[in-house]
Amino acid sequence: MGFFLETIIAGLMNGVLYSLVALGFVLIFKASGVFNFAQGAMVLFAALAMARFAEWLPEWLGFESLLLANVLAFAIAAFLMLIFAWAVERFVLRHLVNQEGVVLLMATLGITFFIDGFGQTIFGSDIYVIDLGLPDEPIFILEGLFPGGLLINQDDLVTALMAMAMVALLTLFFQKSGTGRALRAVADDHQAAQSVGIPLGRMWVIVWFMAGLTALVAGMIWGEKMGVQFALTFVALKALPVIILGGLTSVPGAIVAGLIIGVSEQLAEVYIGPMVGGGIQIWFAYVLAMVVLLFRPQGLFGEKIIDRV
Amino acid sequence: MFYRENGQFKTNYKSDQQIFAVKQDRIAIIALIAFAFIGVPLLADEYLFRAILVPFLILALAAIGVNILVGYCGQISLGSGAFMAVGAYMAYNVFMRVEDMPLIVALLSGGFFAMLAGIIFGIPSLRVKGLYLAVATLAAQFFFDWLFVRVPWFTLDNPAGIAAVSNLSVFGWQIATPMDKYLFVLGFVVVFALLAKNLVRGPIGREWMAIRDMDVAASVIGIRPMYAKLTAFAVSSFIIGVAGALWAFVHLGSWEPLSFDINRSFQLLFIVIIGGLGSIMGCFFGAAFIVITPIVLNQLLPWIGRLFGVEISTAMVGHAEFMILGTLIVWFLIKEPHGLAKYWSMARHKLRLWPFPH
């Protein structure tokens, strides 16, 4: 029983991170109708920027504090993501208005290739380390209920809390601020939003910037866990079943589906995996999402697809 | 001799329904095929065969399959790499496990099993549309990635997980040199391209296009969506499976599941989009673009670097290739979302008027 709960807790913490990456996808899809395959490359690029600047700043400016280096590197990386968002809107999105979904998807794939090459040109292609100074001894909770207690990694716990804080901040921003309202209007109906006077281009820059920020936070967390390397781009591929399970247009859907996928992936790997040879977590989430789609074609929380003939 | 249909009267239904109705088209296609079979082997060298022509032909064949699904039937599929893998591994098993199996039968059986896989993983298309379907087909991609690594039966219990074939021969003709491989693959491609062209011109092709344009309206007028979508998946996966088997047997010789991973799926989708959705000719253009661009960049970039006195390392060249490919793709999509086939059809349209202005 204790092991089962540990598996679930590990799955929940993974799930929070998947939700974070999935949020980036959902934000962009809601506001600009683009399925951003470049999200994974954005995660890598942002993580690379932060890792390298955290390394370079102490050398250039000559200070020792890890916290200061990380904070400054985060700020610089965020600024770079802002420039990236502006560039994408200016050079790609503006010229592809009103194209079909497949064309936009392919354009984001082109952006992926570009960002991959560009990031590795500027920042290098070794494996880099992001050191957030998190404690890494495991802690044991609920020692009264279960013999020995349940093992939880402290850094997993802290990163999950960070991700949840980010999600909460984003939700607050969308619900309470003026720009958030404008973004929701754009997500609802481009033409109506434009007719009310909302500048569509600027909104797209803002939404891509926010997706870039979530990519940065996700990259920071994943990078701390597994090192900043090319494999980070595949983290985005793990977030895809989360979005289709939750619905392409739903922010709470991304969060809930992330948790579901995280937990079920862990459970499947631990309990079903040994029966079929192991390593099933690469496809289990996808098959699960596909099966749910058969019953609910728009995902759990997505809006119903209405066809007009 | 102008490019016109004037004066070409058709006197029976058979000649009216032929693929190349204009005599100049027929002559051009026959000339092209003759050049491909006779001229190219005389002119090309071994490197050209091995590195450019054979991959170009096989990728074009696979792209024809993908185009049938994505371009003609409108079902976005990101699992094409997996169907190539199914074709390759099942052809391998049929070829090695059955005594004296003819090569062509093995390749076609690879296509047959890929067809079965395509039908099974095409079932979600009956419920799910658009981008949701695209991600659902990724389930096929990752599942088969895992299957061919973890289940040793597919690689004949090879401890290293590698599959390899050698000594290919058809009716006594040994397929050993790159030129032999080129001719073998060319035969397949010509046959399948003509078959595909005929299919999409016929009633089933029209059903596919109706489903693509407006599937609700299509079902209202009596086209069965299940039949149309599943046949699109079936035909498409068959062709992709045969292409995968050819890629493994003829181009690679020995392969592992990584040769058919998600990057292959993306590559095929690029070929189809850049070549032109809904166009058989476009598949060839797109495949040529995707095969030639990295090679050109590989040669061009160091040369440009030397021109400016900058020494570019190979890693740098790799990164720059990525960047330039990405930029080219985006630029292309902005300039011409309908792909290279659109340029081709514009050229033919202008040719019809030539030499008159209007």
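**A guided tour of chains A and B**

Buried residues make up 49% of the 309 residues in chain A. Please bear in mind throughout that this is a predicted model.

Chain A is as compact as a globular protein of its length, because its radius of gyration is 20 Å, close to the 19 Å that the globule rule gives for 309 residues. Now turn the view along the principal axes: the C-alpha atoms of chain A fill a box of roughly 65 × 60 × 40 Å.

**Second stop: contacts inside chain A**

Keep chain A selected and consider its contacts with a separation of 6 or more.

Next, display both chains. How many residues of chain B are in contact with chain A? There are 38, and they are in contact with 40 residues of chain A.

Select, in chain B, helix 6 (130-150), helix 9 (215-220), helix 11 (262-275) and helix 13 (314-335). Each of these elements gives two or more residues to the side of chain B that touches chain A. Which helix of chain B gives the most to this side? Helix 13 of chain B does, with 13 residues.

Finally, colour the side of chain B that touches chain A by residue type. Its residues divide into 30 nonpolar, four polar and four charged.

Note on methods. Residues numbered from 1 in each chain as written. Chains lettered and ligands numbered in written order. Predicted model: local features only at pLDDT ≥ 70, side-chain atom pairs only at ≥ 80, totals over all residues. Rg over C-alpha atoms; globule rule 2.2 N^0.38 Å. Buried ≥ 20, exposed ≤ 12 C-beta atoms within 10 Å, placed from the backbone. Contact = placed C-beta atoms within 7 Å. Helix = DSSP H or I, 4+ residues; strand = E, 2+ residues; numbered from the N terminus. Nonpolar A, V, L, I, M, F, W, Y, C, P; charged D, E, K, R; others polar.
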